[in-house]
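I opened this entry to keep a record of what I looked up in the model, one topic at a time. The notes follow the order in which I went through them.

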Amino acid sequence: METSTQYINHVNIMKDLQLHSDFYKVREPFKEGFEEIYEEAKKEDVKVDTAKEFLHTLSQDELSTLQNYSRLVEKIDIDELSDEGAYNLMMHFNEKFDFDKD
């Protein structure tokens, strides 16, 4: 996973945010599946530049889990994602980051 100092500082700041309980409530049905994908990505040491490759290994059910956990309306089209977008799909809310500064 990504570990730059700027990224670690961002994550620490985001952890302190107090989000409304509904933020977590709507994600709850997908949390367990998301955590399994997250842990696998962590184990595989997925980085921004390898995220799309990792997403291509997931089943449609797993992609649906990411879609619903991220609250996306449209199905995930991996080939249409940027590297950064693919990586951020697998991250917790407080870990999402603008790596390419756009």
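**Entry 1**

I began with F34, which is buried at a relative accessible area of 0%, where buried stands for under 20% relative accessible area, exposed for over 50% and partly exposed for what lies in between, with a 1.4 Å probe and protein chains only. The model is a predicted one, in which local features need pLDDT of at least 70 and side-chain atom pairs count only at pLDDT 80 or more, while totals for chains, interfaces and linings use all residues. Residues are numbered from 1 along each chain as its sequence is written, and side-chain values use heavy atoms, with hydrogens and water left out.

I placed F34 in helix α3, helices being DSSP runs of H or I with at least four residues and strands runs of E with at least two, numbered from the N terminus. Leaving aside neighbours within four places in sequence, I found F34 in contact with T65, L66, Y69, L89, M90, M91 and H92, a contact being heavy atoms within 4.5 Å.

**Entry 1: Aromatic pairs**

Next I counted the aromatic pairs, and the count comes to 2; rings of Phe, Tyr and Trp (its six-membered ring) pair if their centres lie within 6.5 Å, and planes under 30 degrees apart count as stacked, over 60 as edge-to-face and the rest as tilted. The pair of F34 and Y69 is stacked, because the ring centres are 4.0 Å apart and the planes stand at 10 degrees. Since F34 lies in helix α3 and Y69 in helix α5, this pair ties together parts that are 35 residues apart in sequence. I noted that both F34 and Y69 are buried, and that F34, Y38 and Y69 form one aromatic cluster.

**Entry 2: Q67 and helix α5**

What does Q67 touch, not counting residues up to four places away in sequence? I listed L72, V73, E74, K75 and I76 as the residues that Q67 touches. Q67 lies in helix α5, residues 60-69, and is buried, with a relative accessible area of 11%. A polar atom of the Q67 side chain lies 3.2 Å from the backbone oxygen of V73. I also took the C-alpha to C-alpha distance between F34 and Q67, which is 9.7 Å for two residues 33 apart in sequence.

Turning to the helix as a whole, I recorded L63, T65, L66, Q67 and Y69 as the buried residues of α5, and found that their cover includes α3, α4 and α6.

**Entry 3: The nonpolar core**

I then looked at the largest nonpolar core, which has 20 residues, those with the most contacts inside it being V46, F54, L55, L58, L66 and M90; such a core is a set of buried Ala, Val, Leu, Ile, Met, Phe, Trp, Tyr and Cys residues joined through side-chain atoms within 4.5 Å. At least two residues of this core come from each of α3 (28-43), α4, α5 and α6 (83-89), and the largest share, 4 residues, is that of α3.

N88 is in helix α6 and is buried, with a relative accessible area of 12%. I found the C-alpha atoms of N88 and V48 separated by 8.3 Å, although the two residues are 40 apart along the chain.

Most residues other than glycine have a negative phi, and I wrote down two that depart from this. D45, in the loop between α3 and α4, has a positive phi of about 55 degrees although it is not a glycine, and is partly exposed at 41% relative accessible area. R71, in the loop between α5 and α6, has a positive phi near 65 degrees and is partly exposed at 43%.

**Entry 4: The chain and its confidence**

Buried residues make up 34% of its 102 residues, and among contacts with a separation of 6 or more, 68% are between residues 24 or more positions apart.

The mean pLDDT, the predictor's confidence in each residue from 0 to 100, is 82 for the chain, with 73% of residues reaching 70 or more. Confidence is lowest in helix α1 (residues 5-15), at a mean of 64, and highest in helix α4 (residues 51-55), at 97. Where pLDDT is low, the predicted coordinates should not be read in detail.

Definitions and conventions
Polar contact = N/O pair within 3.5 Å; in protein donor to acceptor, adjacent residues only side chain to side chain.
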